[in-house]
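These are my notebook entries on a structure I was asked to examine. I record what I looked up, entry by entry.

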Amino acid sequence: MYTGPCKVLHLSSGLLPNSGRFGIVLSDEYQVVTSLWCQLYKTHAPQASGRLLLNYLVIPSKAQVKKPGYIPNLGECSHYRSKIHLKAGDKLQSPEGKPKTGRIQEKCYGPCISSSNCSQPCAKDFRGEIGFTCNQKKWQKSTETCTSLSVEKLFKDSTGASRLSVAAASIPLHILDFRAPETIESVAQGIRKNCPLDYACIIDVVKSSEMTSGNIAFIVELLKNISTDLSDDVTREKMKSYSEVANHILDTAAISNWAFIPNKNASSDLLQSVNLFARHLHIHNKSENIVNELFIQTKGFHINHNTSEKSLNFSMSTNNTTEDILGMVQIPRQELRKLWPNASRAISIAFPTLGAVLREAHLQNVSLPRPVNGLVLSVILPERLQEIVLTFEKINKSRNARAQCVGWHSKKRRWDEKACQMILDIKNEVKCRCNYTSTVMSFSILMSPKSMTDKVLDYITCIGLSVSILSLVLCLIIEATVWSRVVVTEISYMRHVCIVNIAVSLLTANVWFIIGSNFNIKAQDYNVCVAVTFFSHFFYLSLFFWMLFKALLIIYGILVIFRRMMKSRMMVIGFAIGYGCPLIIAVTTVAITEPGNGYMRPEACWLNWDNTKALLAFAIPALVIVAVNLIVVLVVAVNTQRPSIGSSKSQDVAIIMRISKNVAILTPLLGLTWGFGIATLIEGTSLMFHIIFALLNAFQGFFILLFGTIMDHKIRDALRMRMSSLKGKSRAAENASLSPTNGSKLMNRQG
């Protein structure tokens with residue numbers, strides 16, 4: 001490396017308007033061979049009186065260059081070509097790292113009149129402007145076109161590198177071409193000239209640019225031009241470079257800036273460009289992971305009519321902190337049979353963040369935005385294939401996050417609900433069957449607002465619970481009023497003990513259910529939510545076990561006639577079954593699942609299903625008890641008095657009415673209405689089953705009051721006697737107050 005005397009040469013655009021970028025001769029004393037052959041002068045540049053300095057270089061003198069055998073050390077030379085405005089007191093910016101821009105003026109000055117607009121210039125080194133709109137007497141940014149990118153800048157580094165190879169160190173100077181580079185007028189021209197094999201020459205410039213709205217729009221147009229002009233022969237290397245550029249503007253840090261792009265179709269253009277480019281991708285191996293960027297992944301495989309059912313699995317994060325979101329593309333076997341024997345290809349592209357910026361057009365009938373709640377999955381298939389199955393994991397797993405399977409219609413630029421049909425919708429994932437066409441190649445799920453069906457069921461539940469709670473309170477009051485008159489025998493005593501405990505358990509469970517439904521889960525309230533879940537679980541189990549004990553009492557009354565059990569022993573058994581068994585199940589459930597935070601659901605104070613299946617600790621006992629109680633009801637119906645030989649039709653009707661009455665009374669008391677819950681778990685169940693289930697169980701407290709208390713003639717008789725007794729006492733008190741003896745006593749006191 002040359003270490004002799006050096007001079008600092010300032011190349012000013014004002015002094016050298018026509019000089020080439022890499023090779024110029026200034027005078028006999030100084031000669032610039034190429035900036036690649038010179039070291040940067042890394043101290044502070046001298047004052048330049050505001051002139052624009054293109055390069056400032058330390059170069060050897062002409063005499064040293066002419067020495068025999070002198071070859072500049074290319075490996076130790078730097079290359080610096082940033083344009084820098086220097087003013088008095090300014091310091092040069094380090095070439096390493098991303099270029100820094102000045103802060104954008106985030107508001108306009110002057111009077112803010114409603115719906116008025118204004119604009120501000122972009123920061124230094126950016127072209128374009130920022131638009132503002134006056135809204136509620138405040139300036140709010142509406143558009144931004146600030147960009148630092150251009151076609152010339154994309155290929156600035158590549159042009160110089162292509163003109164001088166490292167191998168040129170051994171080439172005599174007079175052979176080197178020092179002419180100015182040709183002007184590049186289009187992206188396609190620049191790529192064909194500088195990096196036709198892998199398109200990699202544009203990556204560094206794009207990835208070092210700031211993610212402003214203007215730069216995002218420029219990169220979308222860049223990708224659009226590449227897809228249009230350079231997609232005739234797409235290799236794995238080209239797809240990787242293309243995806244790296246797309247990944248830059250799909251970063252979570254860039255998402256908020258998409259909103260200020262004036263072209264509202266930019267996101268749709270990006271999706272269509274990626275799909276178009278991937279359509280021409282060649283796959284060499286049977287199965288390939290082609291692109292694995294953070295915000296765009298591409299996979300593909302070969303298929304033919306003999307291929308078994310194929311699937312592509314994706315796992316991507318919507319940001320750098322959350323867990324990965326899963327997605328899967330499946331090609332059914334019956335579709336693969338449509339293919340020709342020769343091999344075809346299937347390609348799928350996954351986007352975790354594109355759904356957040358996709359804007360729908362022409363939505364006159366949709367008043368609210370429909371957020372995407374999963375990965376956006378694009379598919380490129382042979383034309384003969386028309387149906388695919390896609391599985392999406394929900395981003396928002398809230399119980400209110402209803403899903404809708406959709407496909408993106410590239411011509412209409414909106415989500416098309418007719419393109420897909422939902423197969424399965426559970427809390428965490430949605431499975432869709434979609435129709436693949438040349439205009440619908442991308443699919444996802446939307447988070448729809450609550451449907452009218454949900455609102456109807458919510459209204460039924462709220463009204464039913466309110467009526468149920470009031471009915472249960474009234475039931476307990478009536479039982480307390482007539483208790484001494486109706487508990488004459490051991491069986492009647494235990495029957496009313498069961499009714500009271502069923503009412504108490506259901507009343508308490510409903511109260512805890514309401515608390516849990518309106519409870520907002522926060523980090524500091526986690527233990528409270530665990531307590532709410534525990535008590536809801538315990539009292540709903542108590543409800544079912546007391547129903548079971550009542551059913552056992554009925555069987556006991558039918559089968560055991562001559563030998564009766566002591567009341568104290570029956571009480572012990574009743575409370576052991578009614579509260580002991582639920583307590584054991586509830587405590588065991590929380591002890592097993594809570595250490596791993598799997599006891600309750602993340603969005604509600606109720607038993608977890610997805611991770612630990614803790615809900616089975618409620619569902620299994622409840623369904624078993626319903627099945628046992630159903631058998632008891634059938635036994636009661638069979639043992640109801642049979643018609644005697646030669647009985648009249650009126651007697652037959654009376655027996656049928658008696659059986660129907662018994663079944664009607666026992667159904668709510670034994671919890672048979674919960675059997676409708678099984679039907680609601682089956683996919684595709686009619687709405688009517690959901691409404692019936694909500695009505696029967698929300699109003700269960702009212703049915704207990706009606707069939708367990710009011711329709712019991714002994715309770716009605718006891719109430720009438722109680723009311724007569726109260727009326728008799730009030731009349732006696734009234735007569736006593738009006739009797740002559742009391743009147744004379746009253747006169748004497750007054751005297």
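I looked up strand S11 (residues 297-303) and noted that six of its seven residues are buried, where buried means under 20% relative accessible area, exposed over 50% and partly exposed in between, with a 1.4 Å probe and protein chains only. Strands (E, at least two residues) and helices (H or I, at least four) are DSSP runs, numbered from the N terminus.

I record that this is a predicted model, in which local features need pLDDT of at least 70 and side-chain atom pairs count only at pLDDT 80 or more, while totals for chains, interfaces and linings use all residues. Residues are numbered from 1 along each chain as its sequence is written, and side-chain values use heavy atoms, without hydrogens and water.

Next I looked up the partners of S11; two strands pair if DSSP finds at least two bridges between them. Strand S10 (residues 287-292) runs antiparallel to S11 and is joined to it by five bridges. Glu288 has Gly300 in S11 as its bridge partner. I noted four residues between S10 and S11, which form a hairpin. Strand S14 (residues 344-351) is also antiparallel to S11, with seven bridges. Thr298 is opposite Ile349 in S14.

I then turned to Ser213 in helix H6 (residues 213-229). Is Ser213 buried or exposed? Ser213 counts as buried because its relative accessibility is 0%. Leaving aside neighbours within four places in sequence, I found Ser213 in contact (heavy atoms within 4.5 Å) with Glu144, Asn257, Phe260 and Ile261.
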